[in-house]
Amino acid sequence: MMAEQLYMFLPESCYLLMAAALFALSLPRRQSHRRIYAWALALSLLGVAGAAAALAARGEMFFTAYRVDLFSQVFKLLLAVATFLVITICGDLAGVEERYHPEFFLFLTTCTLGMMLLISAVELMTIYLSLELSSFSLYLLVPLRRGDNIDVEAGVKYLFIGVTASCVMLFGMSYIFGAVHSTYLSEIMDKLPLWIHQPAAAVGLLLTLSGFFFKLAVFPFHFWAPDVYQGAANQVTAYIATASKAAAVALLIRLTSLTAGTSLYLIDVLMVLCVASMFLGNLVAMVQSDLKRMLAYSSVAHAGYVMMGVLTMTRLGYAASVFYAMAYLVMNFAAFMVVVKVAGEGQDLKIADLAGLHRRAPLMALTLMMALFSLAGIPPTVGFTGKFMVFTAAMEDGRFWLVLVGMINATISLYYYLMVIKAAYLAEPADGQEPLAISASTRALSYALIAGMVYLGVFPQHFLGLAENAVKNIF
Amino acid sequence: MTPAAPNDYVLGLALLTMGLPLLAFFLVFFLTRRSVGLSCFISLACSAVPLLCAWSLLLGHWRMPVPLLWEVVWMSSGGATATFGFLLDPLSLLMLTIVTSISFLVQVYSLGYMAGDPGKGKYYAFLSLFAWSMISLVVASGLLQLYIFWELVGLSSYLLIGFWHHKFSASEAGKKAFVMTRLGDLGFFLGIIVILLHLGDLSILGLNQNAALKLGPGLLTASALLIFCGVVGKSAQFPLLTWLPDAMEGPTPVSALLHSATMVAAGVYLVSRIFPFYQASPEALAVVLAIGAVTMLLSSTMAMVARDIKQVWAYSTVSQLGFMLMGLGAGGYFAGVFHLTTHAAFKALLFLCSGVFIHHFGTNDFFVMSRSGARGLKAPMICLSVAGAALSGVWPLAGFFSKESVMGVLAGLSNPLWLVVGLLGAAMTAYYTFRLLFVMWRPCESAEDPLHGGGHGEHAAWAYWVMVLPLIALAVFTVFLGWGGRGLEAFLRWHQEGVAEAHHGWLVWASVLVVASGVGLAWLEFGRAGAAQAGFLSHLPALERLFARRWYLDDLYRLLLDYVVYGFFSRLFTINDRRVVDGGIDGFCRGTAGAGWLLSFLQSGLLQFNLFSMVLVIALVGLYFLLV
């Protein structure tokens, strides 16, 4: 019995262990970055191994408030991989002050832990507590940045908007509890479809979702994204843009499945938010000059594409969204890896700063180009396959106009991604800019990411099957 | 008709044709880019073998009884399955031969054209990428595969136009080409999804046989029109026709390969590929016909005033593609495909000839070329004239026969308007082609001394001959291809015996007359001794400006982009975004009120404003739930 419980809790245990180890490492007065980095890297690799090993775990824990199934385990593996990837690009944390380095890794770990708990939580209070564990870690990570006060401002903004979203979410949860007298998702799922035509239940569910809209940066909860993306250290931004989005997708799927698609009004509202996110993200991204800000708005747009699969509330749609989340994780991480490597001092990157990247670091330019083509949905990259799945799912649900809007947006997005590619490939480097030194490990990572983006795009079958099996568990 | 499985020999040849260019791309791009000689060799070898394979496939299946189909499942989700493979039937074999032949000739030609360019290795890598995508597009067995390679072809076009990094306009043009064709692909993609959902099957054979039975007429027309959007984008038809002339900023061999003979023809190829599907919807065919006609007329007028030799051919390509679509739209499957075939030969020839002149004289203006002594280059001059005559439809060159067959189809329509449009287009084509030829042959004496631009005239003789040899090969095709029309017709119409298109005796004379009048007008203005070399349009400045500015289409798009997208939407949405509007608001506050409190209110108030809008949206949603 004990062994079984431990096996189910294996990924979380790994990160608990990691957090404890990093906390111990943060205690001595003198610290060496290399040592902490090596520990963090090793422990996060252990985390990936743990999450992979526990992929087959099934069962319930903690008075059935915590469910371990394929759906949760796939997302935990995604999270573990994303965390590991982000830690690999923290080799020199130029953007964070030296004395905060142990805390940086510690909060990264607790945030991952929080999100892992969140993914498995099937009870409203557990969901709320896990969400706050991950959010508070991020609130602390954002202002850790060295230099001007833009980080503090971003941190404050993030905190305020996050807290407001939490309030709204708690408010919504109280409505749900009031309507069905339970906080367990399984019981809510049984009763909610009967109650969904009561405004209280529908409003309650929507308000509950808003906590995850905030994480995913869906309109109108996106206001933090540009400031936080720009204000946080590049590595933190990479983490927010990859890992925390995946967790948000998981919870959106879990919570929307509660209605079993019975509330057409809820779907209407989700559709409005989806369309607004896509248009707002893409149109505003066109006028940005800061690369991370542009990627922030592009993430708002991508939240819209993911929502398109979620709002169909069909098995195919959910599977498409899970696949899209995987795809987004890989391609967005590839883009941010280039940002981190090109901004050697941890500074913000203007799009114009990329000028001549193909001369200074051809491999980085290639990785960036592939990542952006993938984000724009050009075949044969994974971005195309992801969009294709999402659009097909929406179309199968009879949402022609939504797909049309999505396609128009994909075309708009190509426009600003090409501006970045143009800067990287077609502009000449400014005088005196040295070629970038790219380490062998970064080189290997770049090749792996490019290969991954193409492989997932050309042979999606395996991962698509995994996503389909995973979503079977939530109904 | 049930397709047969290919035997091992055919399978091997087909896979070799499809695989080798990709192999070349990887080898050159990742390994041998730095060593130019090796890169060229790999790339050339990997385009020569597919050329031989394609010809042997074509000749080996000259009288094939059933199409050959080979497929593997690519991905399946829910009830929908997408496959990957190849479909060999007369149409795809013919197109495969065209693509591999021209691709090989252009690669040979590029040896000379790109001699000494530091990025030659990369250039060859992209050419191989293009060849792979185009070949896979042509033989695609299903629409999804076709779409994927359709996009890849666009991508390689973007990479090849942007190849000359130092030319700013080249990179702009590449972006324009990519975004504009993607705009059309939007419809194509939607069309594919519509078909996938209602037919559950994207295979081309299934689409051609069953679509009419299984889809309702409305759905059929809708999906056919959606797919046609992709054709409009890729083949630069009205209203998305302005990207093609701009794409001419790329190297000339690229223009020859992509932007005249193969890639832009992919749109026309797509319509012929699923022609039975289009035939099931007369409404869709009518739209194809009308769009083709409008495009043909518009772009012919643009070509009449251009001074840039590549621009003239670019407009002419657009108009000829429109002409092919007219043929298809009028129901003439063979006529459209025949014109596609001959056009590939003579238009590639025109571009490659022009490339020799551009390379030699360092200018694109054919008036300047002529004054610098273009007549001195005998072989390219003769080839240019042959190809130009073929384009105008002069007997006995290839263009004459294919044009005649399209005219024959147009004449068979009940509405004589379309034939008149076709004849008018032919007259304009003859006029602008011979305008260029006469100017090239007869330099204007009154002009200043011969100019010697910064061309590459000093390059070695081998470079010149490497460029001229492909010209001669293409010229042979241009001269003799027309006589193969009958054989080609029998080959292409394999499964519909005896549906020969009607022939009208008087039509031949009408079109000869029309062409002669176009040539005659050009001769009067440009060719005869002492001609002023100014077209009649120079007396109509308003019209000339209209044509030269491409009927203000570009200005319209610019206006839409600037005002609607940038000016309205982006500004509207960035109101919250202080880093974009910050400067403006700050300056405004200091200037008008100068009050510190106002400034601080705006600075700190933005967060409240954000929170307020969040709550407002939530409240509106809540209200929505309460009210409905």
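This is a predicted model: local features need pLDDT of at least 70, side-chain atom pairs count only at pLDDT 80 or more; totals for chains, interfaces and linings use all residues.

**Positive phi and cis bonds**

Residues are numbered from 1 along each chain as its sequence is written, and chains are lettered from A and ligands numbered from 1 in the order in which they are written.

Back to Ala236(B). Its phi is positive, about 55°, although the residue is not a glycine. Ala236(B) is in the loop between α8 and α9 of chain B. Helices here are DSSP runs of H or I with at least four residues, strands are runs of E with at least two, and both are numbered from the N terminus. Pro239(B) is also placed in the loop between α8 (217–234) and α9 (243–247) of chain B, and the peptide bond from Phe238(B) to Pro239(B) is cis, with omega near 5°.

Chain A has a non-glycine residue with positive phi too: His181(A), at about 55°. His181(A) sits in the loop between α7 and α8 of chain A. Is His181(A) buried or exposed? It counts as exposed, because it has 10 C-beta neighbours inside 10 Å. A cis peptide bond runs from Pro379(A) to Pro380(A), with omega near 5°, and Pro380(A) lies in the loop between α16 (362–376) and α17 of chain A.

**Confidence**

The average pLDDT of chain A is 88, and 99% of the residues score at least 70; pLDDT is the predictor's confidence in each residue, from 0 to 100. Within chain A, the lowest confidence is in helix α8 (residues 185–195), with a mean of 82, and the highest is in helix α4 (residues 70–88), at 93.

**Core**

The largest nonpolar core has 428 residues. Such a core is a set of buried Ala, Val, Leu, Ile, Met, Phe, Trp, Tyr and Cys residues joined through C-beta atoms within 7 Å. Helix α14 (residues 315–342) of chain A gives the largest share of this core, 23 residues. Among the residues with the most contacts inside the core are Ala335(A), Leu372(A) and Leu349(B). Leaving aside neighbours within four places in sequence, Ala335(A) is in contact with Leu295(A), Leu368(A), Ala371(A), Leu372(A) and Leu375(A); contact means C-beta atoms, placed from the backbone, within 7 Å.

**Between the chains**

How many residues does the contact take from chain A and from chain B? It takes 44 residues from chain A and 44 residues from chain B. On the side of chain A that touches chain B, α18(A) gives the most, with ten residues. The residues of that side divide into 36 nonpolar, five polar and three charged. Ala, Val, Leu, Ile, Met, Phe, Trp, Tyr, Cys and Pro count as nonpolar, Asp, Glu, Lys and Arg as charged, and the others, Gly among them, as polar.

As for α18(A) itself, 20 of its 27 residues are buried, so the helix is largely enclosed by the rest of the structure. Leu404(A) lies in this helix (residues 400–426) and is partly exposed, with 17 other C-beta atoms within 10 Å.

Methods:
A residue is buried if 20 or more other C-beta atoms lie within 10 Å of its own, exposed if 12 or fewer, and partly exposed in between; C-beta atoms are placed from the backbone. Two residues are in contact if their C-beta atoms, placed from the backbone, lie within 7 Å.
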